[in-house]
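Work through the exercises below with the model open beside you, and try each task before reading its solution.

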Amino acid sequence: MTAAQIRLLSLTRREVTRFMKIKRQTLGAPLLETFLYMSVFGAALGSRIDKLHGVDYVVFIVPGLIMMGWAMNAFTNNSSSILQQKFQRAIDEQLSSPASPLELLLAFSLGGFLRGMLVAALTFAAAAVLVDVGVAHVLVLVPALLLVGLFFSQLGVLIGVRAEQFDDVSFYQTFVLQPLIFLGGVFYSASLLPEPFRTLTRLDPVYYMINLVRYGFIGYTETNVGVSLALLCAAALGLLAVNYRLFVSGYRLRA
Amino acid sequence: MDRAAPPGGIPATGMIGRVRVPSDPAAAPRLATLAGLEPALRVTELVKRYPTGTEALKGVSLEIPAGEFFGLLGPNGAGKSTLIHCATGLARPTSGDIRVFGHDAVHHYRDARLAVGLAPQDLNLDWFLTVEETLDYHGGYFGMPRKERRERTRELLEIFSLTGKRDDRTRTLSGGMKRRLVLARALMHRPRLLILDEPTAGVDVELRLELWHYVQRINAEATTILLTTHYLEEAEQLCSRIAFINEGEIVAEGTGRELAARYGVASLEDAYLELVGRNELSRTRLAADAS
């Protein structure tokens, strides 16, 4: 292994070690949350709802829950990890190492990305035991989920770097991300909404992500798959570029 | 620690806690070979201006030859930590040049940072890691292969009497243990320049002496040391040369005696009090007044 590979691996291992050491909070809690959503919305409420676009209601919401698990965990992990390290000044050890800005950015990004992927995989495994969830379009599903993970892990890094207190992180999580995800159609089909809510939903970027993932799983979408994938790719890479510039400049990391 | 050894001298054996470290007979020849090397640290016209407009460093120039034990003294807010942060990549200089063993520490930082070990004033340990992981991950951040990391970790755990605590989370350690670990971490990648930013602040006398002995030993074995401290006795005991920094400028430099002579006083402490404009606190003067 080269020195650069050892550095990147060690920096990433640190991020993975962090969330694995508090896995009740980082993995257990999101899984319980998903289980509760499936129980309440799927089993209890879903039994009174007819099929949605040809599939059982509980099956209809599973793709959104998987996407939500990956997105929220990627964001929360990275924003919290960076802010915590800034608070403790433990981040100085990494900043004063020979690691390049790109190596640091990749490692901080991968922590949340991998945690989100783990939560999403466990959610899928649990859902597959409880309900009949198939994969309709794997070639859309895989890039869609990877891009969702990349986008939210970058968003987490951005907020973590900008944040000066924990309130900054929880503000974005509670007042921005959660409403966007919930109103993006995790639990319902936007086509059933009356106007103006149907149009408003189309202004929510998460709506397109949910539709991509839903299309990958059950083959149903209300948006153009190609355009959505292209826009998601552009947004994720755009955030990556912004974060790279921040790491190169040392914005709020180096005095 | 060799408890019989005088606090200011280099003991025949070094020891942190209860572990004995054999002295290195090759140290003296190695030190002699340093004469022809690039300076360990060369700072030229370094300016650091914060976005608030505060100018923490106002064109600082400083040179620390390889192998030296160098002290940087000054009151709080004088610019000591800013200078260290600029040299280690934690702060971005506004202008000027910083070279570590000839390597540009700002634009081509990789080789410069590989050569530097920083033991910061704050005990900035990663709460999520154990003692052993702290050292192992640090080695990884500096590109050390796994086998080398494992051997070096074992060695440092022994030297700093941390072997029994290897699986403990860092936040459960006592203040003294944390201080040892911070120093061990700084040494993990075998830096040629060790920067100690107030390493003995708040530690008990025993640990202070242990740390003194250890850093004197590694200095004798060719590691250059830059020490900032508020303990003038510490600087006098350890440092071959000292610089005073005040309000972002190096105002005087030399041995303890030279600095005292420059200010026309009897001791380094009095010279320091002259520097900060508080000579009414001079113990020499108070004793003279009392008699």
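**Exercise 1. Two helices of chain A**

Task: Find which residues of H3(A) and H7(A) meet, and decide how the two helices are oriented to each other.

Solution. We begin with the residues themselves, keeping in mind that this is a predicted model. On the side of H3(A), the residues that take part are A:Met68, A:Ala71, A:Met72, A:Phe75, A:Thr76, A:Ser79, A:Ser80 and A:Leu83, and they meet A:Phe166, A:Val169, A:Gln173, A:Leu177 and A:Ile181 of H7(A). Sorting the residues of this contact by class gives nine nonpolar, four polar and no charged. Next we turn to the geometry: the axes of H3(A) and H7(A), the latter being residues 166-182, are 10 Å apart and form an angle of about 170 degrees. Since angles over 145 degrees count as roughly antiparallel, H3(A) and H7(A) are therefore roughly antiparallel to each other.

**Exercise 2. The largest nonpolar core**

Task: Say which residues touch the most other members of the largest nonpolar core, and explain why this core lies between the two domains of chain B.

Solution. The core holds 158 residues, and those touching the most other members are A:Ala71, A:Val148, A:Val213 and B:Val100. Helix H3 of chain A, residues 57-88, supplies the largest share of the core, namely 17 residues. The core lies between domain 1 (14-246) and domain 2 (255-291) of chain B because both of them give residues to it. To look at one member in detail, leave aside residues up to four places away in sequence, and A:Val148 is then found to touch A:Met67, A:Trp70, A:Ala71, A:Met209 and A:Val213.

**Exercise 3. The domains of chain B**

Task: Describe how domain 1 and domain 2 of chain B touch each other.

Solution. The centres of the two domains, taken over C-alpha atoms, are separated by 29 Å. In their contact, 10 residues of domain 1 face eight residues of domain 2. On the domain 1 side, the elements that give two or more residues are helix H8 (232-238) and strand E11 (241-246) of chain B, and E11(B) gives the most, with four residues. By class, this side has six nonpolar, two polar and two charged residues.

**Exercise 4. Chain A against chain B**

Task: Determine which element gives the most residues to the side of chain A that touches chain B.

Solution. The contact between the chains involves 24 residues of chain A and 26 residues of chain B. Two elements of chain A give two or more residues to its side, helix H1 (3-21) and helix H4 (91-95), and H1(A) gives the most, with 10 residues. The classes on this side are nine nonpolar, seven polar and eight charged residues.

Methods
Residues are numbered from 1 along each chain as its sequence is written. Chains are lettered from A and ligands numbered from 1 in the order in which they are written. This is a predicted model: local features need pLDDT of at least 70, side-chain atom pairs count only at pLDDT 80 or more; totals for chains, interfaces and linings use all residues. Two residues are in contact if their C-beta atoms, placed from the backbone, lie within 7 Å. Ala, Val, Leu, Ile, Met, Phe, Trp, Tyr, Cys and Pro count as nonpolar, Asp, Glu, Lys and Arg as charged, and the others, Gly among them, as polar. Domain bounds come from an automatic or database domain assignment. A nonpolar core is a set of buried Ala, Val, Leu, Ile, Met, Phe, Trp, Tyr and Cys residues joined through C-beta atoms within 7 Å. A residue is buried if 20 or more other C-beta atoms lie within 10 Å of its own, exposed if 12 or fewer, and partly exposed in between; C-beta atoms are placed from the backbone. Axes are lines fitted to C-alpha atoms, for helices over the stretch in contact, and angles run from 0 to 180 degrees between N-to-C directions. Angles under 35 degrees count as roughly parallel, over 145 as roughly antiparallel, 65 to 115 as roughly perpendicular and the rest as oblique.
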